[in-house]
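Trainee: I have a new model to get through today. Please walk me through it, and keep it short.

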Amino acid sequence: AAVPGIGGAHWLTHESDVPAADTEQTAALHCQGDVQAILESRTIRFAEASAAIDPASEQLLDEVAAALRPCLGSIIAVTGHTDAGGDKGANQALSRARADAVRWALIGRGIPADGLRSSGMGAEQPLAGLDPADAANRRIEFSVIESAPVRPTVVDTPGPG
């Protein structure tokens, strides 16, 4: 719900939050887990102080796109983060530009644009247990948001004749 422009959506945080019969939600959780597993030991890299994706990250982006394909139909949040070094405003802008660059890279790999949302957090959410200035805080995170079904209201439901 914190993603701008998203209404009627909720975050799926744990597989236990999903009823067993709801395979669409289970697929979304599975795909988010797949992306997290891919990014556990590797990071999408950028040129220093830039939103230009390092060419060495192209194969990693291919893998992320493949892992996101089962999530098509869901909203995928791409969130950029920076370390605490430098100007707060510049970090905010850089984190957003990097998230946008990843979003466009995924669109180029066949992930529909209307299912991707990018945002930047700057240095506001450092990784737990790390110094805010640690370079490991420079990262891109992915979250799968499952769209809530829209239920017609009395106004939307046609009446007799």
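**Walking through the model**

Trainee: Start with Ala49. Buried or exposed?
Mentor: Ala49 counts as exposed, because its relative accessibility is 68%. Buried means under 20% relative accessible area, exposed means over 50%, and partly exposed is in between, with a 1.4 Å probe and protein chains only.

Trainee: What kind of model is this?
Mentor: It is a predicted model, where local features need pLDDT of at least 70, side-chain atom pairs count only at pLDDT 80 or more, and totals for chains, interfaces and linings use all residues. Residues are numbered from 1 along each chain as its sequence is written, and side-chain values use heavy atoms, with hydrogens and water left out.

Trainee: Back to Ala49. Where does it sit?
Mentor: Ala49 is in the loop between helix H1 (23-39) and helix H2 (58-68). Helices (H or I, at least four residues) and strands (E, at least two) are DSSP runs, numbered from the N terminus.

Trainee: What about the phi of Ala49?
Mentor: Positive, about 55°, although Ala49 is not a glycine. Most residues other than glycine have a negative phi.

Trainee: Zoom out. How many helices and strands are there?
Mentor: The chain has three helices and four strands. From the N terminus on, the order is β-α-α-β-α-β-β. Of its 161 residues, 37% are buried.

Trainee: Which core residues have the most contacts?
Mentor: In the largest nonpolar core, with 26 residues, those are Ile44, Val64, Leu68, Val102, Leu106 and Phe142. H1, H2, strand S2 (75-81), helix H3 (88-108) and S4 each give two or more residues to this core. H2 gives the most, with six. A nonpolar core here is a set of buried Ala, Val, Leu, Ile, Met, Phe, Trp, Tyr and Cys residues joined through side-chain atoms within 4.5 Å. In soluble globular proteins, nonpolar side chains tend to be buried together.

Trainee: Pick Val102. What is it in contact with?
Mentor: Ile44, Phe46, Ile53, Leu61, Val78, Ile140 and Phe142, leaving aside neighbours within four places in sequence. Contact means heavy atoms within 4.5 Å.

Trainee: New topic, S2. How is it covered?
Mentor: On both faces. Ile75, Ala77, Thr79 and His81 on one side are buried, and so are Ile76, Val78 and Gly80 on the other.

Trainee: And in which sense do S2 and S3 pair?
Mentor: Parallel, over five bridges. Two strands pair if DSSP finds at least two bridges between them. Ile76 stands opposite Leu116 in S3, and Gly80 stands opposite Gly120 in S3. S3 (residues 116-120) is mostly covered, with four of its five residues buried.

Trainee: Now Arg139. Why does it count as buried?
Mentor: Arg139 counts as buried because its relative accessibility is 11%. It is in strand S4 (residues 139-147).

Trainee: What does its side chain reach?
Mentor: The side chain of Arg139 reaches the backbone oxygen of Gln125 at 2.6 Å. A polar contact of 2.9 Å links it to the side chain of Glu141. That term covers a pair of N or O atoms within 3.5 Å; within protein, one must be able to donate a hydrogen and the other to accept it, and residues adjacent in sequence count only if both atoms are side-chain atoms. Beyond four places in sequence, Arg139 touches Thr79, Gly80, His81, Gln125, Pro126 and Leu127.

Trainee: Asp83 next. Where is it, and buried or exposed?
Mentor: Asp83 is in the loop between S2 and H3. It counts as buried because its relative accessibility is 8%. Its side chain and that of Arg138 make a polar contact of 2.7 Å. Not counting residues up to four places away in sequence, the residues Asp83 touches include Asn91, Ala123, Pro132 and Asn137.

Trainee: And Gly89, what is its relative accessible area?
Mentor: 44%, so Gly89 is partly exposed. Gly89 is in helix H3. Its C-alpha is 9.8 Å from that of Ala123, 34 residues away in sequence.

Trainee: Last one. What lies over the face of Trp104?
Mentor: Arg103, at 5.3 Å from the ring centre. The rule asks for NZ of Lys or CZ of Arg within 6 Å of the ring centre and within 35 degrees of the ring normal.
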